[in-house]
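Trainee: I want to go through the charged pairs with you. Let's start once the model is on screen.

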Amino acid sequence: QVALQDEVQHLTFHDGVTGLPNRSYLEQRAGDVLAHRAINEDTDEIAVIFLDLDGFTAVNDSAGHVRGDHLLAQAARRLRGELDSSSTLARWGGDEFAVLVEGSARAQRVVDLAERLGRTIALEPFQVADREILLTASIGVAFAEPTTDSGELLRNADVAMTRAKERGAGHVEVYAAHMHDTVVSRLELQARLREALVEGAFFLEYQPIVDLESSQVTSVEALVRWDRDGRTVGPDEFLGAAEESGLIVPLGEWILREACEKVAVWRVSDWDIGLSVNLSVKQVMSPRFVSTVAGILAETGLPEEVLTLEVDEEVLLGEGGEAVTRLAELRELGVQLAIDDYGMGYASLAHLRELSVDAIKIDPSFTADLGRDDTVTLLTHTIIQLGRDLGVEVVAEGIERPEQLEQLRSMHCDRGQGFLVARPMAAAGMEALVGGEAGVNL
């Protein structure tokens with residue numbers, strides 16, 4: 001009976017996958033440590049470090065939960081090897097770990113420890129079945145003030161970790177008071193976005209993409225807008241929150257369906273027009289995304305080859321080979337693939353070969369400096385020539401000045417878009433272009 005009671009006690013406060021103390025244990029331990037400090041008036045630092053494994057969700061989705069659990073056990077062993085008896089490592093839940101640091105004389109030592117834990121995760125690949133997977137960790141650090149209770153301390157570390165993830169994979173962030181307000185605002189925004197999706201408050205505008213030689217509109221890019229209480233809100237203000245909350249998946253599905261329906265109608269009116277739609281990494285990696293795209297094309301009657309799906313270069317690296325595999329499945333449907341914002345240094349030439357992409361879109365920062373910066377002008381010409389050599393269509397984004405347009409034409413760039421060509425417009429504006437023989441004055 002005593003042995004059974006001991007086993008129950010162990011299971012109550014320990015994680016079955018990693019063998020580490022669990023969330024309940026850490027919460028209780030943090031409360032005890034802070035209560036002891038208050039009674040004894042200790043001045044040593046007490047801190048909590050939160051770690052989130054960047055990219056772990058994709059491992060679970062692609063390799064399965066059993067192999068995902070094996071990776072978590074490996075991560076736990078690495079982290080435990082960096083800690084001494086003054087620190088308690090726990091599995092907080094999912095792919096998150098937490099460290100309670102007791103009795104550190106200096107705050108900098110805690111930050112140094114957090115950075116060291118990040119390095120031990122990223123230093124070597126994890127072995128998952130026959131694959132080697134490189135991961136990083138986003139890390140948040142919070143220190144206990146004299147009046148801080150355990151719940152507040154743990155929440156602050158979680159807030160700091162969230163901020164670290166927003167900055168990008170592998171960052172360390174120390175909690176500051178303003179972060180709480182930022183997180184609350186982000187949660188409120190996410191709630192408003194969910195309401196907007198239910199209430200139908202999103203709408204699309206379309207930006208023409210033209211053949212630079214003939215000035216004919218060849219396709220349109222669908223761009224989402226939010227009618228927030230009568231004010232039009234651009235994607236820069238809400239797509240980050242939608243991505244973080246996972247709302248980007250249903251929102252992206254709505255965008256794709258709405259745009260495909262509209263372009264299908266235009267094509268019935270004898271306008272030979274293509275459609276480009278941007279994808280986020282969460283859309284690409286969502287389990288049913290390929291079948292969703294196939295279903296929307298079937299429902300709307302839009303031919304597969306008319307649709308171009310655009311992904312940022314970083315998507316190809318952020319989820320490793322799994323993202324490339326998923327994009328290849330999309331291409332097997334017959335849709336076109338384009339790499340957006342090309343030239344920012346994320347993707348390699350190997351991705352162009354591996355994916356057999358149909359188009360590359362030159363990042364607007366290149367277009368902005370055409371004729372002003374000789375190096376940028378040379379690089380832009382090189383990208384265009386690379387596209388021609390590979391048989392890939394090249395689209396220049398962000399054309400705003402006549403001299404940029406002339407430079408691109410002299411370089412024999414295939415397509416272009418930007419405010420000089422045409423601003424994003426409602427569907428009615430595009431229909432007026434159709435009536436004008438689908439050309440623009442360039």
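Trainee: What makes Arg415 and Asp211 buried or exposed?
Mentor: Both Arg415 and Asp211 are buried. Buried means under 20% relative accessible area, exposed over 50%, partly exposed in between, with a 1.4 Å probe and protein chains only. This is a predicted model: local features need pLDDT of at least 70, side-chain atom pairs count only at pLDDT 80 or more, and totals for chains, interfaces and linings use all residues. Residues are numbered from 1 along each chain as its sequence is written, and side-chain values use heavy atoms, with hydrogens and water left out.

Trainee: Why is the contact of Arg415 with Asp211 called a salt bridge?
Mentor: The term needs a side-chain nitrogen of Lys or Arg within 4 Å of a carboxyl oxygen of Asp or Glu. Here the closest N and O atoms are 2.9 Å apart, so the pair meets that cut-off. Arg415 lies in strand E16 (residues 415-416) and Asp211 in strand E8, so the bridge ties together parts 204 residues apart in sequence. Strands are DSSP runs of at least two residues, helices (H or I) of at least four, numbered from the N terminus.

Trainee: How many salt bridges does the structure hold?
Mentor: It holds 25.
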